[in-house]
Amino acid sequence: MTNLDQLDWQETVDLLCFSAARQILEGVSFAEFRDRMEGMVGLLLKAGGVPKEAQQPEMQRCMATSVALEIWNITPIPENRFRPRKQPKPERNAPCLCGSGKKFKQCCAAVDGPELGISEELMLSKVLSTFSRKRLLELPLLELSAHALAAVAHDWLEHGRAKDAVALLEMLFVHLPELDARAEWAADVLLNAYMEVNAPRKKQKFIEDLKAAPDKMLASTGWQRQTVVHSDRGEYAQAWEAFRAAQRLTPNEPALSHLEVLVLVSEGRRDEAQARAKFWAARLSRDQQYDHTDLIQLLHDLADGSDDSLLRTLPFGRGPLSDLAEIVTQWPAPACHYQLSGGAELTPKKDLAELELDWMDLVEKGEIESAILFLGKEALAGQSFRILCDVSKMISFLPENLPGSSDALARQILARGEALRQIVLSRLKALKKELPWGFLDNRPLLTLVSYYANDFLESQPKEVLDLLRWSVNIANPTDNIGLREKLIHVLITVGEAEEAIAVAARYPNDFASTEYGRVLALFAAGRLDEAEVALKLTAEKSPKVWKMLHAANPKRPASINPGYITVGGNDEAYEYRQNHLALWRSTSALKWGAGIKLPVKPKAKPAPDERLDSLF
């Protein structure tokens, strides 16, 4: 059975158990329950790969008897102190339970039913999931399986009932001194639930309680979570102290492998993370009792840090980022759902246009959870430049599961956007057409191109250079998204200084980044006299940039308008230095420029009234 088939089988069994629990709690007799099961086993046969034409009535009848007996005899009944009311299996010569009138050995016993592997604990979780919060809180929790309670709370958490999960498990952990390692999953679920309901103080209080628990496994769980808290804050010395405390309590706990590699990666100690991942992989592979294949792969992916590795780790987490990552993998391949109106406006077709209107309503309301549900429900969403653009920005607001995972997912969205651009424009024969910024429907595509260029320039320089040329020279020659600076400097880097000069010439009296790019391009092209004239004019117009390029170790200045660059400001100068200082140095242009005597702008003298005002 493949992994996909196995998942389908497990989901079918889970659904069957939940339905069975509801029926049994309604008080149906075993005979009625068995008859109802006969109408449901077709789902199991289908999940087991049995074709519909092969599902004979006799097979279904016999299987229904087998499955009904198994589930009935392990379903805890609340009125029976949560013990099953067992239905005895008939003797071989007794009448069959299906009502056929035949002997059991000649009827349902003659067909082997599948082994469902249903535990009494699983059925307890299904029974409890039918209870109201009030009824749950009245239960004798210590008499019930902590694992089953955790399963109920986890299910609630997955379905938006975080407050119910908190209420249930808080009642369980009132008895923390009496609990043992079997409550570990419940503790983990409660900590996750506190995050869902945004209760950081309660979460930290529970961590402190766990750290002091008599049971070593529960105490270790507390110290492990404390490690994560410190690591998330960048408090690595405290994180390692907490880690060592957990390690002393449970030195052989497999979860410590993931935690150690995670903290090393968070601290930027990638080489050590890879070494420890190899150490743990060798150790875990020797475990004869459990199969740690998935954990070993996770360790290697965490330590590797590539986008592919980080994306593989996301399903192991929880939260909106993991949900979104799973949705993206299920989107169909990019396809064209656009038309070119008037030869210049990229307009979505009717279905996509309607979908985008619904999407914009969600975005305007700021409902991120609803937006993610929308993306999972509407497969067409992955064909929209507007939605992809919004999603790439939305990712930055989602809590990060692992260091770098948000950036990896954002790049995956941008890569899809670029693939979609090529398919759509090729289909519409618009790769060499201008797509003016003035048309609103063109803006999402052009914006995605700018995001892609920023994120992939280092890893895919040739592809990004072609994209920059397309955007600045063809699609958006007014360059409303500011890619000309990047294009000019990339062209200089690859030895195309004359082309860089031509690009800069199309934007006279431009921003400092373009003007300094023009100077650098002229120098790189060997046109030194022109470069000197341009430098004098540019340094006079934007002196802060030139000063910042020569500064020894400047600090990042505070932005007057966070999220924006102030034209002529210190933040503009600092950004230019960060982006292009290396190129000025590698071309020797910085050294050349330092030897040029620039005009000194005289300081303006304050007017008499201004000098008087300054005295008071």
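1. Contact here means heavy atoms within 4.5 Å. By that criterion, and not counting residues up to four places away in sequence, N73 touches P84, R85, K86 and Q87. This is a predicted model, in which local features need pLDDT of at least 70 and side-chain atom pairs count only at pLDDT 80 or more, while totals for chains, interfaces and linings use all residues. Residues are numbered from 1 along each chain as its sequence is written, and side-chain values use heavy atoms, with hydrogens and water left out.

2. N73 is placed in the loop between α4 (57-72) and α5 (120-128), where helices are DSSP runs of H or I with at least four residues, numbered from the N terminus. A polar atom of the N73 side chain lies 2.6 Å from the backbone nitrogen of Q87. N73 has a relative accessible area of 16% and is therefore buried (buried means under 20%, exposed over 50%, partly exposed in between, with a 1.4 Å probe and protein chains only).

3. Across the whole structure, a search finds 33 salt bridges, each a side-chain nitrogen of Lys or Arg within 4 Å of a carboxyl oxygen of Asp or Glu. One of them joins D510 to R484, with the closest N and O atoms 2.6 Å apart. Because D510 lies in the loop between α25 (497-505) and α26 (512-524) and R484 in helix α24 (residues 484-493), the pair ties together parts that are 26 residues apart in sequence. Both D510 and R484 are buried.

4. R469 and D466, three residues apart in helix α23 (residues 461-475), also form a salt bridge, at 3.8 Å between the closest N and O atoms. A network of salt bridges links K462, D466, R469 and E499.

Note on methods. Helices (H or I, at least four residues) and strands (E, at least two) are DSSP runs, numbered from the N terminus. A polar contact is a pair of N or O atoms within 3.5 Å; within protein, one must be able to donate a hydrogen and the other to accept it, and residues adjacent in sequence count only if both atoms are side-chain atoms.
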